[in-house]
Amino acid sequence: MAEQKVRWGILATGGIAAAFTADLVDLPDAEVVAVASRRQESADAFAERFGIPRAYGDWTSLAEDGDIDVVYVATPHSAHREAAGLCLEAGRHVLCEKAFTLNAREAAELVALAQARGSFLMEAMWMYCNPLVRRLKALVDDGAIGEVRHVQADFGLAGPFPPSHRLRDPAQGGGALLDLGVYPVSFAQLLLGEPSDVTARATLSAEGVDLQTGALLSWDGGALASLHCSIVGGTATAASVTGSAGRIDVPGGFFFPERFVLHRDGRDPEEFTADPADGPRNTLRHEAAEVMRALRAGESESPLVPLEGTLAVMRTLDAIRDRVGVRYPGEETAGEAPELTPA
């Protein structure tokens, strides 16, 4: 695969699939060869929009298309287990949107399936592949602010979303946490790993999904993370990381930042800004490039978005849902794996 283009299939035709495909077709080493939807007319329209040669009205045909190297799964997260599993079973590599699955049990099943098939699998946590986020993590890892004491992050949308919207639908894994809260949780765990304890409170809708959730994560070393997500109020989407010798502030859009400011004790603040050469803030091309790099290197997972990290985030999301009482259809308990096992 070293000299030829990586051939992609797109599974689903919604907004995130369109955004990803628009960035993908601009990469010279990528080729989008097929798209699938549950409805043929949706697949046909998507294929015409992006110049994709093959359009399927079912997922199985895409999964079994031997000309595809890797499938991007962009369905609602309630269908990730089914869609990604179908592709892995057929021998395709997979990039699967976040939240990775509904719960940690489903996530572990996908990881086990990928390992059994020898296939590449990665969560589409584009934040982890963002160059400026990677710079922030490197500074923290290098001790620029000392030992991390506290992480704060929030992500909320103003709405309002009607009860018929997927964000309010339990059958589609609705609620703020899995759709938006996955970002603050993933940001905290990028810097601190899996927490040892979780406390959470939420405001639930009549349908039983979380309209807003606040979580306090704690680690055995004494660090804390204060996280918030909402589908009933627009937040600043800001983040801060406080350490024993300084602080990093991300003033807005922490998961695709334009800049952040490093405050170190006894020094003037230092501002770090995104490189215009890396593309617009909302580009998804960095995660696509990481998938293709890993495939060419023969890797079964990405060091930037490791599978154990994805599983750890899913365990935390399960624990939060367990605390606030959100359960989806077919689940006996909120996440079926609420106990945390710190790394």
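Start your tour by selecting glycine 51: this residue follows helix 2, and its phi is positive, near 70°. Helices (H or I, at least four residues) and strands (E, at least two) are DSSP runs, numbered from the N terminus. You are looking at a predicted model, where local features need pLDDT of at least 70, side-chain atom pairs count only at pLDDT 80 or more, and totals for chains, interfaces and linings use all residues. Residues are numbered from 1 along each chain as its sequence is written, and side-chain values use heavy atoms, with hydrogens and water left out.

**Helix 2**

Now step back and select residues 40-50, which form helix 2. Which of its residues are buried (under 20% relative accessible area, with exposed over 50% and partly exposed in between; 1.4 Å probe, protein chains only)? They are Ser42, Ala43, Phe46, Ala47 and Phe50. Look down the axis of helix 2: its buried residues fall within an arc of 130° (taken from the directions from the helix axis to the C-beta atoms), so they line one face. An α-helix has 3.6 residues a turn, so residues three or four places apart point the same way. Colour Glu48 and Arg49 next; these exposed residues sit on the face turned away from the buried side of helix 2. The cover over the buried residues includes strand 1, helix 1, strand 2 and strand 3, where contact means heavy atoms within 4.5 Å.

Next, show the open sheet with the order 3-2-1-4-5-6 and parallel pairing; two strands pair if DSSP finds at least two bridges between them. Its edge strands are strand 3 (54-56) and strand 6 (121-123), each pairing on one side only. Select strand 5 (residues 93-96), which pairs with strand 6 over 3 bridges. Here you can find valine 94 opposite leucine 121.

Zoom in on strand 8 and strand 9 (residues 210-218), which run antiparallel and are joined by 8 bridges. Alanine 202 stands opposite threonine 213 there.
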